[in-house]
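Please look through the sequence and the model shown here before reading on. The paragraphs after them are meant to be read with both in view.

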Amino acid sequence: MVDYLVVGLGLAGISFCEQLQKNNRTFKVVSNNSQTSSIVAGGLYNPVILKRFTLAWNAKEQLELAKPFYAALEKKLQVKLDYKVPVYRKFASIEEQNLWFEAADKIALQPFLSTKIIKNTNNAIEAPFGFGEVLNTGRIDTNTLVKKYAEYLEGLELLEKEVFSFTDLKHTIEGVHYKSIKAKKIVFATGYGLKSNPYFNYLPLNGTKGELLTISAPQLKEENVIKSSVFTIPMGKSLYRVGATYKWKDKTNAPTIEAKEELLKKLDTFLKCSYHVIDHKAGIRPTVADRRPLLGRHPEHNNMFVLNGFGSRGVMIAPYASKVLLNHIEHNASLPKEIDISRFTKKYYTPIA
């Protein structure tokens with residue numbers, strides 16, 4: 001019998017497995033990679049919401065945990081994951097410059113917003129009002145992380161690549177049985193796949209579809225992330241990730257012409273060089289109605305837990321949330337109220353009309 005059965009191996013599942021190994025807990029993982037949000041993510045860690053120049057929820061603590069977390073993964077997997085790249089917010093007007101300076105005066109934002117306006121020197125970009133630089137930012141190569149971590153677990157014979165079958169999950173006095181696996185506890189870290197989970201589908205996980213393009217733009221020659229109406233993220237070799245869209249109705253992983261046209265229209269408002277699209281991907285972000293993660297114990301099954309709802313900030317939230325959840329399970333530490341699924345317990349006991 002293992003201590004934990006982990007279902008899902010995106011950013012949430014990987015982060016939780018790392019916490020388990022760090023705390024000498026045994027585990028097995030079941031995953032079929034059906035949820036693609038971690039794979040298609042832009043991978044940025046950025047503590048500031050650039051639309052309003054405000055600090056993201058719990059960003060300082062998350063960032064302090066995330067940086068050493070990914071550094072340790074690089075060493076373990078022997079692969080480059082963390083690219084320290086500045087994020088430049090393009091100003092649309094003098095008024096936006098003033099709002100930036102007002103935000104930079106706030107104590108909480110001082111470590112993250114530079115007070116120096118950066119003049120645009122790139123002829124391929126139209127930015128007459130310059131940029132503001134966000135500090136302590138970077139990009140995690142989430143695609144490589146998910147792939148290499150799966151290979152790492154396969155090498156240890158800890159990963160079962162299959163669709164999780166709820167009909168094969170049995171509750172026992174000791175914990176749970178799933179096919180040949182016996183575990184004391186089970187943690188679901190399945191992203192938008194939570195919607196088909198009969199134990200946790202009462203939770204208000206909405207899901208937001210995001211689409212990203214990869215373009216080749218040899219004339220752009222930009223080494224920084226540029227945030228305007230869309231992000232452009234340098235990927236090396238004249239390639240740039242462009243994104244992302246936010247759609248609430250379409251829940252498929254299929255790229256759409258509409259999203260492509262929307263991204264290109266926004267890109268063309270500030271990019272003044274030629275380019276061509278070489279890739280187009282889509283995924284469903286696990287977003288929640290109140291924009292906070294979903295962590296905690298099932299209302300009735302004491303050995304069943306959920307780790308989900310990271311939205312578009314999974315790179316930053318995952319290491320923090322997985323640590324908090326394991327402390328809650330192993331040491332009965334209280335979960336922060338704003339992320340504890342107990343805030344939705346009434347929904348579990350309320351019959352759906």
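What follows is a walk through several parts of this structure, from its nonpolar cores to its charged side chains.

This is a predicted model, in which local features need pLDDT of at least 70 and side-chain atom pairs count only at pLDDT 80 or more, while totals for chains, interfaces and linings use all residues. Residues are numbered from 1 along each chain as its sequence is written, and side-chain values use heavy atoms, with hydrogens and water left out.

A nonpolar core is here a set of buried Ala, Val, Leu, Ile, Met, Phe, Trp, Tyr and Cys residues joined through side-chain atoms within 4.5 Å, and a residue is called buried under 20% relative accessible area, exposed over 50%, and partly exposed in between, with a 1.4 Å probe and protein chains only. The largest such core has 64 residues, and those with the most contacts inside it are Phe 16 and Leu 307. Its largest share, ten residues, comes from α7; helices (H or I, at least four residues) and strands (E, at least two) are DSSP runs, numbered from the N terminus. Contact means heavy atoms within 4.5 Å, and when neighbours within four places in sequence are left aside, the residues in contact with Leu 307 include Ala 12, Phe 16, Val 187, Leu 294, Leu 295, Ala 321 and Leu 325. A second, separate core of 26 residues includes Val 30, Ile 186, Phe 188 and Phe 344.

Strand β1 is the place of Val 7, which counts as buried at 5% relative accessibility. Not counting residues up to four places away in sequence, Val 7 touches Val 30, Phe 164, Ile 186, Val 187, Phe 188, Ala 189 and Thr 190. The C-alpha atoms of Val 7 and Ala 41 are separated by 20 Å, although these residues are 34 apart along the chain.

The next region gathers around helix α6, which covers residues 257-267 and in which Ala 259, Leu 263, Leu 264 and Leu 267 are buried. Seen down the axis of α6, the buried residues fall within an arc of 130°, so they line one face of the helix; the arc is that of the directions from the helix axis to the C-beta atoms. On the other side of α6, Ile 257, Glu 258, Glu 261 and Lys 265 are exposed. What covers the buried residues of α6 includes the strands β15 (208-216), β17 (231-236), β18 (239-243) and β19 (276-285).

Among these strands, β18 has four of its five residues buried, so it is largely enclosed by the rest of the structure. Two strands are said to pair if DSSP finds at least two bridges between them. β15 and β18 pair in the antiparallel sense over five bridges, and Thr 214 has Arg 241 in β18 as its bridge partner. β17 and β18 also pair in the antiparallel sense over five bridges, with Gly 236 standing opposite Leu 239 in β18. β17 and β18 form a hairpin with two residues between them, and Lys 237 in the turn has a positive phi of about 55°.

In one of them the side chains of Asp 3 and Lys 184 meet at 3.3 Å, N to O. This pair links distant parts of the chain, with Asp 3 in strand β1 and Lys 184 in strand β14, 181 residues apart. Asp 3 counts as buried at 14% relative accessibility, whereas Lys 184 is partly exposed at 38%.

Another salt bridge joins the side chains of Lys 209 and Asp 250 at 2.6 Å, N to O. Lys 209 lies in strand β15 and Asp 250 in the loop between β18 and α6, so the pair ties together parts that are 41 residues apart in sequence. Lys 209 counts as buried at 1% relative accessibility, while Asp 250 counts as partly exposed at 27%. Lys 209, Glu 211 and Asp 250 are linked in a network of salt bridges.

Asp 340 gives a contrasting case, for it lies in the loop between α7 (314-331) and α8 (345-349), and is buried yet has no salt bridge. The nearest side chain of opposite charge, Arg 343, is 6.4 Å away; Lys and Arg count as positive and Asp and Glu as negative, with His and the chain ends not counted. Not counting residues up to four places away in sequence, Asp 340 touches Leu 295 and Leu 335.

Methods. A salt bridge is a side-chain nitrogen of Lys or Arg within 4 Å of a carboxyl oxygen of Asp or Glu.
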